[in-house]
Structure formats: C-alpha cells, structure tokens
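Here is a short briefing on one protein model.

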Amino acid sequence: MTQDKTASAQLSSMTGFARREGGVEGVSWVWEARSVNGKSLDLRLRTPAGFERLEAAARIELAKRFRRGNITLNLSLGRSEAAPQLRINREVLDQLIALVREVNGDTAPVQVDALLGVRGVVENGDAASAELNGAVEAEAGAAIAPLLDDLLATRLEEGGRLRDVLAGQIDQITALVGQARASAAAQPEALKARLKAQLDLLLEARPPLAEDRLAQEVAVLVGRCDVREELDRLDAHIGQARGLLAAGSGVGRRLDFLCQEFNREANTLCSKAADVALTRIGLDLKAVIEQFREQIQNIE
C-alpha cells in the first residue's frame, strides 16, 4: 500500500508502529518499525552483521510512502535449538549412493555412515550458516514493503484522530473570533468614543502639538483602537486551515506556518484590547492556538 490517491487524501500523523515476524529453518526474524516527528524523512536501520544490504531496499520503499518523520527499522534474529549447525549436502550424498549401487548392484546395502565421511557430504557450520543467513535475508527483505504498509496504516489512523482534534480546535478559534467581533470594544460606536476621548487629550496638550505631529498621533490611535483588521485576517486563516485539513497529508509544514500567522494576529489583538472582556477573549484565543500548534507538530 504505497501512497495512492486514497491515502494521499488522508491526513497522516508522523507517529506510528508496526511489526512483522517470520522464520527459516529454526532461525526467527522480527522487524519493528517506529516513526516519530521529524522535520524531514530520516531512516535509522538496525540490523545484525551481514544484513546491511537491506538498507537500500528499505530506503526505496520508505520514499514511496512517506514525506517526513524519523523512522527506525530494527531487525532482530533468534536461533532455536533446532537451527542446524551442520548441513548434509543431499545432492552430493545422492550422487554417492547412486555410484555405490551402480558398482555393487541395486540391492546391495549402502553404508550411509561411511558416506558421511566423504568430503563435501557434510558441510561445516560456517557454510550452512551462510546459506541459511541468505535465506533469512531474502525472507526478511521481502517483508520490508508490507511492514512499511502497516506503518503507513497506523500513521493514517492516528492522522484521522488528529484531524478530529484539529477540527475541534479550529471550531474553538472560530467561536472566539466571533466573540471578539461581538465584543463592545470592537463595535464602531465604542471605537469612535474611545478615539474621540484620546483625541481630546491630544488637543488639550500644552503646549499644543504641531499639526504634523498631531496627524501622526491620530494615525497611531486609529491603528491601536480598531481590531477589525486582525479579526478579518483571523477569519481568513480559519478558512485556510479548514482547507488544509480537507486537502489531506503533506500539509504539516503549511499548517505550522499558518499557526505562526494565527499567533501574530492574536498577539496584536491582545495588545490593542481596550477592555478586560476583549483581553480575556484574546488570551483564550492564544491558549487554543498554542494547543493547535502542539497537535500539528505530529502532522506529516
């Protein structure tokens, strides 16, 4: 299961785990795959000595399925008591038996124990182990693709749960932006009254301010009083966040960048807030945005 159209439309977490196991002639093998957050796609492969060639296949299969994440693949082996230490080369033994019968007749008894002493019939432990390791390597290597399919499935499953959490947090942000917009401090009449009061103080200043200085101060006051621009940008970010969640995997970096934009507007809103109610809303907004940021660190 490489990243087909269905998988690519799903939100993928960078957290996952998978396990596959098997065995050949008394030698068992176990693959374990673990994935955690990462800025890029990074593989750490741990195998017994002599199995290093599996890394190339693992990297190829990894790139087919994932974009980001620190992924560890660990292959461990276990040898049972039944694992052969010596191996009979049956092809050589059968040839010797056929020669004995050809010389002595088909009915003549064959002393197999004598034939076992012939060089090449019984292979030493090193030769048998090398051949067995080759068989184990082939079987374990064939399991890499399904192992990574399992890992992808767990990341997609976790991604589905994260989507629900993130969607709920976006709903909270939406509600808080609505409360801020409905706040008395954000209403046009309240803005006008606050601006007029501050302008009156400027006009009463002694000595009187120069016209250019007065114009500068008024411009600053207007910018500090009106939070509607920040609320409009927050609404735009909310729409973008919903669109990214719907787009599926591969949106983690863009969500992270969008979260910075959310924070920027929330900070400005708090700095402009002229009453306790709007300040409280701004602080609640910052808290939810921080929770949102923590969750998207898990998104691929």
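A residue counts as buried under 20% relative accessible area, as exposed over 50%, and as partly exposed in between. Aspartate 235, at 36%, is therefore partly exposed. The model is predicted. The protein has eleven helices and six strands.

**Overall figures**
- Of the 300 residues, 35% are buried.
- Among contacts with a separation of 6 or more, 79% join residues 24 or more positions apart.

**The sheet**
- Four strands form an open sheet in the order S1-S2-S4-S3, with mixed pairing.
- S1 (16–24) and S3 (41–46) are the edge strands; each has a single partner, so one side of each lacks a neighbour in the sheet.
- From one strand to the next, the twist averages 15°.
- S1 pairs with S2 (residues 27–36) in the antiparallel sense, over nine bridges.
- Glycine 22 sits opposite tryptophan 29 of S2.

**Helices on the sheet**
- Helix H2 (residues 54–65) packs on the sheet and touches S2, S3 and S4 (69–79). The direction of H2 makes about 150° with that of S3.
- Helix H6 (residues 144–182) also packs on the sheet, touching S1, S2 and S4. The direction of H6 makes about 155° with that of S1.

**Salt bridges**
- The count of salt bridges comes to 21.
- Glutamate 137 and arginine 53 form one, with the closest N and O atoms 2.5 Å apart. Glutamate 137 is in helix H5 (residues 125–142) and arginine 53 in the loop between S3 and H2, so the pair ties together parts 84 residues apart in sequence. Glutamate 137 is buried at 12% relative accessibility, whereas arginine 53 is exposed at 64%.
- Arginine 181 and aspartate 235 form another, at 2.6 Å from N to O. Arginine 181 belongs to H6 and aspartate 235 to H9, so this pair links parts 54 residues apart in sequence. Arginine 181 is partly exposed, at 30%.
- Arginine 34 pairs with glutamate 32, with the closest N and O atoms 3.0 Å apart. Arginine 34 is partly exposed, at 44%; glutamate 32 is buried, at 19%.

**Around glutamate 230**
- Glutamate 230 lies in helix H9 (residues 228–247) and is buried, with a relative accessible area of 3%.
- Beyond its neighbours within four places in sequence, glutamate 230 contacts Glu265, Thr268, Leu269 and Lys272.
- A network of salt bridges links Glu229, Glu230, Arg233, Glu265 and Lys272.

Notes
Residues are numbered from 1 along each chain as its sequence is written. This is a predicted model: local features need pLDDT of at least 70, side-chain atom pairs count only at pLDDT 80 or more; totals for chains, interfaces and linings use all residues. Side-chain values use heavy atoms; hydrogens and water are left out. Two strands pair if DSSP finds at least two bridges between them. Helices (H or I, at least four residues) and strands (E, at least two) are DSSP runs, numbered from the N terminus. Axes are lines fitted to C-alpha atoms, for helices over the stretch in contact, and angles run from 0 to 180 degrees between N-to-C directions. Contact means heavy atoms within 4.5 Å. Buried means under 20% relative accessible area, exposed over 50%, partly exposed in between (1.4 Å probe, protein chains only). A salt bridge is a side-chain nitrogen of Lys or Arg within 4 Å of a carboxyl oxygen of Asp or Glu.
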